[in-house]
There are 2 protein chains.
Amino acid sequence: MNNCSYIKNKELHRHDERTEVSAHEVSLDTLFELSEFFKFFGDTTRIRIIHLMLSGEISVNDIAEKLNLEQSVVSHQLRILRTANLVKPRRDGRKMFYSLDDEHIGLIFNTGLTHILHKKGK
Amino acid sequence: MNNCSYIKNKELHRHDERTEVSAHEVSLDTLFELSEFFKFFGDTTRIRIIHLMLSGEISVNDIAEKLNLEQSVVSHQLRILRTANLVKPRRDGRKMFYSLDDEHIGLIFNTGLTHILHKKGK
DNA sequence: TGAAAATATGAATAACTGTTCATATATTAA
DNA sequence: TTAATATATGAACAGTTATTCATATTTTCA
C-alpha cells in the first residue's frame with residue numbers, strides 16, 4: 001500500500017469516545033493522534049532527516065547526499081513529513097528547501113535523545 | 001513475523017559509523033536506536049497502556065478491561081514494552097502488575113501530548 | 001491432587017510500511 | 001523550444017507488525 005495511509009488512518013480511526021479511566025482526561029481520539037504522531041519519529045530515515053534539519057533548512061539533494069540515500073527515498077519521506085506538517089517546503093529556483101515546521105519537533109527529538117544517551121550511560 | 005523482531009532489528013542495524021554532518025554529533029547508531037525507541041510510542045494500544053500507567057501500577061486484566069482489549073493483545077504488547085525496558089513487572093500471587101520503568105517515559109508522552117493539544121488549539 | 005484464575009506464548013494472517021525503479025513534473029538556461 | 005537539473009509521484013514488492021485463536025504456564029485454593 002502507498003504512503004497515503006498515514007492520512008487515511010487518521011480519518012478512519014477518528015471518533016468521539018473517551019477513555020473512561022484517565023488521570024489527565026485524554027480522549028481516545030487524542031491518544032490515537034499521539035501514537036500517529038510518534039510514528040513519524042519511528043523510522044531511521046525520517047529521524048536522520050529531522051536530525052539534519054535541526055541545523056536548519058536543507059535541500060532535497062543535500063539530504064540525499066549527506067545521508068547517502070536515493071533521491072526518491074528522501075522525496076517520499078519528505079512527503080510524509082510535509083503532509084503531517086512536521087516540515088515545511090520553500091522553493092528557490094528548481095531547488096526545494098525543507099525545514100522543521102514546529103518548534104516542538106526538535107524538543108521531542110531531544111527528549112528522546114536524552115533518554116537514549118542516558119540508557120547508554122553517556 | 002513475530003514480535004521478537006523488535007529486538008532482532010536492534011542487533012542487525014548496530015554499527016560504528018557516524019553521521020558526517022551533525023550539529024550535535026549524534027552517531028548513526030544512536031539515531032537508529034532513537035527511531036526504534038519512538039516506535040514503541042507509535043502504536044495506539046501501547047500508547048493507551050502507557051497512558052494508563054501514568055496513574056501507577058496496574059494488572060494485566062485491569063488494562064484489558066479498562067481499554068476493552070483481549071487479554072492476549074495486552075500480554076503481547078506488554079511483552080514488547082517489557083523487553084524494551086519501558087515497563088517493569090511485579091508479581092503478586094497470580095496477578096502481574098506492570099508500571100513504567102523510567103521517568104523519561106512519562107516525560108516523552110507528555111511532550112508529545114503537548115504538541116498534539118497545541119495543534120488542536122486547546 | 002485437581003480445578004480455577006491470571007498471564008504468557010506460538011503460529012497464522014491480514015494489513016501496513018519503506019524502498020526500488022521507472023517516469024512525470026517543474027524550473028532554468030542555452 | 002530543447003536539454004539539463006531538481007524534485008515528485010505511482011506501482012510493485014518484500015519485510016514488518018498487530019491481532020486473533022488456541023494452548024501452555026504459573027499460582028492459588030479447595
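Biologist: How much area is buried between chain A and chain B?

Modeller: Keep in mind that this is a predicted model. On contacts, 46 residues of chain A touch 46 residues of chain B. Carbon and sulfur atoms give 68% of the buried area, and the total between the two chains is about 4200 Å².

Biologist: Which residues of chain A lose the most area to chain B?

Modeller: Three of them together make up 14% of what the chain A side buries. They are A:Phe38, A:His51 and A:His115.

Biologist: Which element gives the most to the side of chain A that touches chain B?

Modeller: Helices α2, α3 (44-53) and α6 of chain A each supply at least two residues there. The top contributor brings 15 residues, and that's α6(A).

Biologist: Over in chain B, which residue caps the N-terminal end of α6(B)?

Modeller: That helix covers residues 103-120 and reaches 26 Å from first C-alpha to last. Its buried residues include B:His104 and B:Ile105, and part of their cover comes from α2 (28-39) and α6 (103-120) of chain A. At the N-terminal end, a side-chain oxygen lies 2.6 Å from the backbone nitrogen of B:His104, and the residue supplying that oxygen is B:Asp102.

Methods:
Residues are numbered from 1 along each chain as its sequence is written. Chains are lettered from A and ligands numbered from 1 in the order in which they are written. This is a predicted model: local features need pLDDT of at least 70, side-chain atom pairs count only at pLDDT 80 or more; totals for chains, interfaces and linings use all residues. Side-chain values use heavy atoms; hydrogens and water are left out. Helices (H or I, at least four residues) and strands (E, at least two) are DSSP runs, numbered from the N terminus. The expected span of a helix is 1.5 Å times one less than its number of residues. Buried means under 20% relative accessible area, exposed over 50%, partly exposed in between (1.4 Å probe, protein chains only). Contact means heavy atoms within 4.5 Å. A polar contact is a pair of N or O atoms within 3.5 Å; within protein, one must be able to donate a hydrogen and the other to accept it, and residues adjacent in sequence count only if both atoms are side-chain atoms. Buried area is the accessible area (1.4 Å probe) that two parts lose on being put together, summed over both.
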